[in-house]
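Please consider the structure shown below.

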Amino acid sequence: MTDIDAAHPAARARGRSAGRAPHKGQQTKAAIIDAALGLASHVGLEGLSIGAIAELMGMSKSGVFAHFGSREELQIAVVREYHARFERDVFQPALAAPRGLPRLRALFDHWMRQTSLEIDSGCIYISGAVEFDDRPGPVRDALVDTVNTWQSAVRRAIRIAIDEGHLRADADPAQIAFEIHGLILALHYEARFLRSPAGLHHARTGFDNILARYQP
C-alpha cells in the first residue's frame, strides 16, 4: 500500500468492489449523484434540492427520494463523490512520481490543474466551507472529514520528503502544508474571481519559494 493510499480507506473499499457490475438501482443512484454534483459545482450545496434534481433527471420526486431520503443525504453523497474524484484526479496520479520531493511537486501540479479546471464551475471544498463554516451538522461534518483526509495526505507527502532528505529535518509539515494550501486558495480567487491569467505562474513561483526556504 502506498503512503497516500493509507490516508484513504474509501479508495481501498472502491478497489475491493472493482469489477462488480452495478445493478440498475446503483446505476440510477450514481447518475443522480453525478447530476447533483454538476449542479452543486455551479450553485453550491445549498442550491441542491430533491425537486431540482428530479427535474434535471426527468424523474419524479418520489423516484429521487427512493435513493436519497432527504436533501441532506443527497448533499453528503455529493461531498463524498467530489472527494472520490479529487482523489482520482489529484492524489492517485501523483503516486507515479518517486517518493519525496518529486511526488510532492506532482501533487501540487495536479492540484493546480484541478483548480484551473474548476474556474467555470467551482470547488465544492471552497464553496462548501463558505456555506457551512458556521452551520454544524452532518453536511459540515462530511466536508470537514474529507478536507482533513486530503490535508493529512499532503502532510504525509511532506514528511516523506523530509525523511528522504529533500527538505530540512527541522521543517514543520503542518506549516508547509498550510502555506501550500494558501497558494491554492489564492489561485482559486485570482483565477475564478479576478480572472487573472497570471494566477498559475504566481502559484508555481510561490511553491518553488516555499521549497527553497526548506531546502537542506
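The sections below move from the overall architecture to individual residues.

## Overall architecture

The model is predicted. Its secondary structure consists of 10 helices and zero strands, and the order along the sequence is α-α-α-α-α-α-α-α-α-α.

Of the 216 residues in the protein, 42% are buried. Among contacts with a separation of 6 or more, 71% are between residues 24 or more positions apart. The accessible surface amounts to about 11,100 Å², and carbon and sulfur atoms account for 54% of that area.

## The crossing of α2 and α5

Helix α2 spans residues 24-43 and helix α5 residues 71-94; their axes come within 9 Å and cross at roughly 85°. Because angles of 65 to 115 degrees count as roughly perpendicular, α2 and α5 are described as roughly perpendicular to each other.

On the α2 side, the contact is made by I32, I33, D34, A36, L37 and A40, while α5 contributes L74, A77, V78, E81, Y82 and R85. By residue class, the contact of α2 with α5 comprises nine nonpolar, no polar and three charged residues. D34, E81 and R85 are also linked in a network of salt bridges.

## Salt bridges

The whole structure contains nine salt bridges. One of them joins R71 to E46, with the closest N and O atoms 3.3 Å apart. R71 belongs to helix α5 and E46 to the loop between α2 and α3 (50-57), so this pair ties together parts that are 25 residues apart in sequence. Both partners are partly exposed, R71 with a relative accessible area of 31% and E46 with 30%.

The side chains of R99 and E164 also meet in a salt bridge, at 3.4 Å from N to O. This pair links distant parts of the chain, 65 residues apart: R99 lies in the loop between α5 and α6 (101-117), and E164 in the loop between α8 (138-163) and α9. R99 is partly exposed, with a relative accessible area of 38%, and for E164 the value is likewise 38%, again partly exposed.

A further salt bridge connects R88 with D89, where the closest N and O atoms are 2.8 Å apart. D89 is partly exposed, at a relative accessible area of 25%.

## F193 in helix α9

F193 is located in helix α9, which covers residues 173-193. Is F193 buried or exposed? Its relative accessibility is 59%, so F193 counts as exposed, the cut-off for that class being over 50%. F193 and I119 are 74 residues apart in sequence, and their C-alpha atoms are 8.6 Å apart in space.

Terms used:
Residues are numbered from 1 along each chain as its sequence is written. This is a predicted model: local features need pLDDT of at least 70, side-chain atom pairs count only at pLDDT 80 or more; totals for chains, interfaces and linings use all residues. Side-chain values use heavy atoms; hydrogens and water are left out. Helices (H or I, at least four residues) and strands (E, at least two) are DSSP runs, numbered from the N terminus. Buried means under 20% relative accessible area, exposed over 50%, partly exposed in between (1.4 Å probe, protein chains only). Contact means heavy atoms within 4.5 Å. Accessible areas come from the Shrake-Rupley method with a 1.4 Å probe; for residues, only the protein chains shown count as cover. Axes are lines fitted to C-alpha atoms, for helices over the stretch in contact, and angles run from 0 to 180 degrees between N-to-C directions. Angles under 35 degrees count as roughly parallel, over 145 as roughly antiparallel, 65 to 115 as roughly perpendicular and the rest as oblique. Ala, Val, Leu, Ile, Met, Phe, Trp, Tyr, Cys and Pro count as nonpolar, Asp, Glu, Lys and Arg as charged, and the others, Gly among them, as polar. A salt bridge is a side-chain nitrogen of Lys or Arg within 4 Å of a carboxyl oxygen of Asp or Glu.
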